[in-house]
Amino acid sequence: MKEQTESKKVFFVTLGCQMNVYDSEVLKGILTQKGYSATSKPEEASLIIVNTCSVREHAEVRAIGRLNELSRYKLENPEVKLAVIGCMAQRLGEKFLKEVPALDLILGTEELFKLPDYLEEKGEKPIVALSFSEPREIGSLPLRKNKFSSFVAISKGCENFCSYCIVPYVRGPEKNRKVSEIIREVQCLTESGCKEVSLIGQNVNSYKDDGNDFADLLKEVSRTDIQRIRFMTSHPKDLSPKLIDAMSDLDKICKHLHLPLQSGSDKVLERMNRKYNALDYLRLVESVKDKVESLSLTTDLIVGFPGETDEDFQKTLEMVQRIEFDSAFMFKYSPREGTQAFLLVDDVANEVKLERLQTLIELQKAISQKKNKGMIGRTEEVLIDGKSKRDKASWKGKGRSNKTVIISKGTDDRNLLGEIVKVKITDADSFTLFGEIEGSVGSPDPTER
Ligand code: SAM
Ligand code: SF4
């Protein structure tokens, strides 16, 4: 019996976006039902799984390195199964064996939940499964790493075909889950102590199910017992006035919008196939800021897209300066085989890309610092999700703005894990807010009485 428990340990590595984190959590839940338990030590695992990302070349290089490093556990014990799942498995398929010969399973983005079934198949050859089947419904509560805040996928795939992006090819066309299924998952999470859900999808605001759009879905989720709702990612072309109204009217929705701009140059935006121009984006931001009080706005930006001139890059800097995002994910363009942009000449020299990226990061860092310092003196409602990594005597959590807040414990020795507390912001840097708990937890703010 002991031997069997020991032999059913799974070691996970998850690379990439929130969707991968979600997929890994769901798969962990499925494997738990099959008798596996997760381990943080690869040497004691009988199953090793690497969930991969294909969005940039760098992520792929990292995945291959990690898989080859982990291959040694299989070479030491041939009973160990080594699996690669997700976007890169979907993209490379059998070709993955040239990079990592020790692989037993290569499962694409919609085959990965069937991993336990494939494990039961007998045979010498590695299993490669890449079909885009019907998405599997999650019948029971998947295991969640952070019990208090969980991702809930509302859709999979994408059909926007931004010219630089591999996602539509590795995740297939957009498939939306049913409102009723999403609500069931949210309720299930709430019953297990979850306080906050993040509704995720490549383009959440193009969500549709049986006459319901994303704003309707948000209203439905708001009616559950969940306390806070986040969502990402939104595409500017699908951000409707109805959604903006829902954001402003529904109290449970955190006032944070992640709205990728990608570039400030119309010429580049057109070649990226983003379907909006800089002016459209500016107008959209104005209308959201007008309606949604204390909006926290974040974005994604790419530098060095084919044909991007110094002038184009200046336009990106000008937009960033003008809009003042709270924070941004900033990337150097990475050519991805199979995409439309791969056919364009990658003519911006690597040093120029790096230089532009550095300039952009510095500008954004200064803006983030200014915006965060502007929050000093304000009160944030923070969901505490753990201890600060740097200072174990402090709690950490996220405010409604989606910013990380470090809260000094002082002499307060209560266990506040999973609690939503009011925190007075006392200091800030470019990445983090610092604060102190205001009044008693759970009791109304004395100033509101
Ligand atoms: N669906 C989301 C969206 O439209 O913003 C996110 C998808 S993608 C995984 C996240 C970000 O990666 C994109 O917004 C884009 O900025 C960046 N990205 C995608 N493909 C890229 C590429 N080939 N090179 C550099 N950055 C890329
Ligand atoms: Fe990629 Fe564009 Fe789809 Fe986002 S919206 S996943 S960037 S194709």
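User: How do the residues lining the second largest pocket divide into nonpolar, polar and charged?
Analyst: This is a predicted model. The lining of that second largest pocket has 12 nonpolar, five polar and 14 charged residues.

User: What volume does the second largest pocket have?
Analyst: About 750 Å³.

User: Which residues lie nearest its centre, and how many line the second largest pocket?
Analyst: The lining counts 31 residues. Nearest the centre are Tyr36, Ser46, Glu79, Lys81 and Leu119.

User: Which helices each supply at least two residues of that lining?
Analyst: Helix H1 (2–7), helix H3 (57–76) and helix H6 (115–120). H6 gives the most, with four residues.

User: Staying with H3, is Lys74 buried or exposed?
Analyst: Lys74 lies in helix H3. Its relative accessibility is 13%, so Lys74 counts as buried, the limit being under 20%.

User: What does Lys74 touch beyond its sequence neighbours?
Analyst: Leaving aside residues within four places in sequence, Lys74 is in contact with Val80, Leu82, Ala102 and Asp104.

User: How far is Lys74 from Lys396?
Analyst: Their C-alpha atoms are separated by 38 Å. Along the chain, Lys74 and Lys396 are 322 residues apart.

User: Where is Ile406 found? And is Ile406 buried or exposed?
Analyst: Ile406 is in strand S19 (residues 404–408). Its relative accessible area is 16%, under the 20% limit, so Ile406 is buried.

User: How far apart are Ile406 and Lys387?
Analyst: In space, 8.6 Å, C-alpha to C-alpha. In sequence, 19 residues.

User: New topic: ligand 2. Which residues are around ligand 2?
Analyst: Cys158, Asn160, Phe161, Cys162, Tyr164, Cys165, Val167, Pro168, Gln202, His235 and Arg274.

User: And how does the shell around ligand 2 divide?
Analyst: Seven nonpolar, three polar and one charged.

User: Take His235. Where is the place of His235?
Analyst: His235 sits in the loop between strand S13 (228–232) and helix H10 (241–249).

User: Is His235 buried or exposed?
Analyst: Buried. The relative accessibility of His235 is 5%.

User: Which residues does His235 touch?
Analyst: Asn160, Cys162, Asn203, Asn205, Leu259, Arg274 and Tyr276, not counting residues up to four places away in sequence. Asn160, Cys162 and Arg274 also figure among the residues around ligand 2.

User: What about phi at Asn273 and Lys275?
Analyst: Asn273 has a positive phi of about 60 degrees, and is not a glycine. Lys275 has a positive phi of about 70 degrees, and is not a glycine either.

User: Where do Asn273 and Lys275 lie?
Analyst: Asn273 lies in the loop between helix H11 (266–271) and H12. Lys275 is found in the loop between H11 and H12 too.

User: Why does Asn273 count as partly exposed? And is Lys275 buried or exposed?
Analyst: Asn273 has 29% relative accessibility, which falls between 20% and 50%, so it counts as partly exposed. Lys275 has a relative accessible area of 51%, over the 50% limit, so Lys275 is exposed.

User: How far is Lys275 from His235?
Analyst: The C-alpha atoms are separated by 9.7 Å. His235 and Lys275 are 40 residues apart along the chain.

User: Now packing. Which residues touch the most other members of the largest nonpolar core?
Analyst: Val197, Leu199 and Phe214, out of 55 residues in that core. The largest share of this core, six residues, comes from helix H12 (residues 278–291). Another core lies apart from it, with 25 residues, among them Phe12, Leu27, Ile49 and Ile85.

User: Back to Phe214. What does Phe214 touch?
Analyst: Ile154, Leu199, Val204, Asn205, Tyr207, Phe231 and Leu243, not counting residues up to four places away in sequence. In soluble globular proteins, nonpolar side chains tend to be buried together.

Note on methods: Residues are numbered from 1 along each chain as its sequence is written. Chains are lettered from A and ligands numbered from 1 in the order in which they are written. This is a predicted model: local features need pLDDT of at least 70, side-chain atom pairs count only at pLDDT 80 or more; totals for chains, interfaces and linings use all residues. Side-chain values use heavy atoms; hydrogens and water are left out. A nonpolar core is a set of buried Ala, Val, Leu, Ile, Met, Phe, Trp, Tyr and Cys residues joined through side-chain atoms within 4.5 Å. Buried means under 20% relative accessible area, exposed over 50%, partly exposed in between (1.4 Å probe, protein chains only). Contact means heavy atoms within 4.5 Å. On a 1 Å grid over the protein atoms alone, a cavity is a set of points where a 1.4 Å probe fits but cannot get out, and a pocket is an open set with protein on both sides within 12 Å along at least five of seven lines; lining residues have an atom within 4 Å of a point. Grid points are joined across faces, edges and corners, and a volume is the space filled by probe spheres set on the points. Ala, Val, Leu, Ile, Met, Phe, Trp, Tyr, Cys and Pro count as nonpolar, Asp, Glu, Lys and Arg as charged, and the others, Gly among them, as polar. A residue is near a molecule or strand if one of its heavy atoms lies within 4 Å of it.
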